[in-house]
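User: I am new to reading protein models. Can you walk me through some features, one at a time?
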Amino acid sequence: MREDAAGGEVVVVRLGRPEALCAVTLDSLTELADDIAQAARPGVRGVVLAGGDRAFCAGADLSLLDTALAGDPRPALDPIMDVLPAIVVGLRDLPVPSVAALEGPAVGVGMSLAMAADMRVAGRSASLIPGYLRVGGSPDGGFSTFAARSLGSARALSTLIRNRRLAADELAGLGLVEDVVDDGAAVDAAVALLATLPPVAPLALRHARRLMETAWALPLEDQLDRERAAITELWGSADYREGVAAFLEKRPPRYTGT
């Protein structure tokens, strides 16, 4: 737990196993899912997703996968594929903004997790690397969705096939990271970024994420219908009334998520 400059609490959730460059296992993913589920409590204004000092996440632990692949891999790999979507959905359903703090490489599923956060900040040596096709695998953890939306489907596929490393400065140029900072400063920068954000109503944030997720694929008329449905639902919320009242009264809003 950290306290930001505005006095609110920021939860820093870290991927486990920093000694192994945060390469994921079933146990570390299960722990991460639990941490994310417990992250947003009353008084929390944001969540930072971080890895270790040398790497955000080196992807899956291939030594364990190699053992699983020696026989029938499904008993070992199916549980991983069950928990991974729960992590991604958990991040996308947080009632507060999230920022991934990137130090070193984020490979494969690490890239997916970084892209699942609302925003990202990066140390100068940070990078995103697909990794999947190099070992004969295909994307998971929402990679195909996040990469296609952020890069465009053609560039995303090219990046995947070429296994191209996207360095911090290029990520900034593409608008995929908010700030590039000195190595070792990404978590502090993520906490500081959250301190600059205005209060966000949880229901409105969830609707905004879902609208952004469909905007690129749906016809305009369908997206207009989704926008109308979202704002109509929010009209009946206590937070919408509070937000309007706070604006008119020139005071900070006090959102409750209802």
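Analyst: Start with one cut-off. A residue counts as buried under 20% relative accessible area and as exposed over 50%. Keep in mind that this is a predicted model.

User: Which residues of helix H11 are exposed?

Analyst: Arg-241 and Leu-248 are exposed.

User: Which residues of H11 are buried?

Analyst: H11 covers residues 238-248. Asp-239, Glu-242, Gly-243 and Ala-246 are buried there. Look down the axis of H11: these buried residues fall within an arc of 100 degrees, so they line one face of the helix.

User: What do the buried residues of H11 pack against?

Analyst: Their partner is helix H9, residues 202-215.

User: What comes just after H11?

Analyst: Check the backbone angles there. Lys-250 has a positive phi, about 55 degrees.

User: Now a single side chain. Is Arg-92 buried or exposed?

Analyst: Compare its value with the cut-off. Arg-92 has a relative accessible area of 18%, so it is buried. Arg-92 belongs to helix H3, which spans residues 74-92.

User: Which residues does Arg-92 touch?

Analyst: Leave out residues up to four places away in sequence. Arg-92 then touches Ala-116, Ala-117, Asp-118, Phe-146, Arg-209 and Glu-213. For Ala-116 there is a distance to read too: a polar atom of the Arg-92 side chain lies 3.0 Å from the backbone oxygen of Ala-116.

User: What volume does the second largest pocket have?

Analyst: About 480 Å³. Of its 22 lining residues, Val-44, Arg-45, Val-96, Val-200 and Tyr-255 are the closest to the centre. Strand E3 (44-50) and H9 each give at least two residues to this lining.

User: How many residues of each class line the second largest pocket?

Analyst: Count by class once more. The lining of the second largest pocket has 14 nonpolar, 4 polar and 4 charged residues.

Technical notes: Residues numbered from 1 in each chain as written. Predicted model: local features only at pLDDT ≥ 70, side-chain atom pairs only at ≥ 80, totals over all residues. Heavy atoms only, no water. Helix = DSSP H or I, 4+ residues; strand = E, 2+ residues; numbered from the N terminus. Buried < 20%, exposed > 50% of the residue type's maximum accessible area, 1.4 Å probe, protein only. Polar contact = N/O pair within 3.5 Å; in protein donor to acceptor, adjacent residues only side chain to side chain. Contact = heavy atoms within 4.5 Å. Arc of directions from axis to C-beta. 1 Å grid on protein atoms, 1.4 Å probe; cavity = no way out; pocket = protein on both sides within 12 Å on 5 of 7 lines; lining within 4 Å. Points joined across faces, edges and corners; volume = space filled by probe spheres on them. Nonpolar A, V, L, I, M, F, W, Y, C, P; charged D, E, K, R; others polar.
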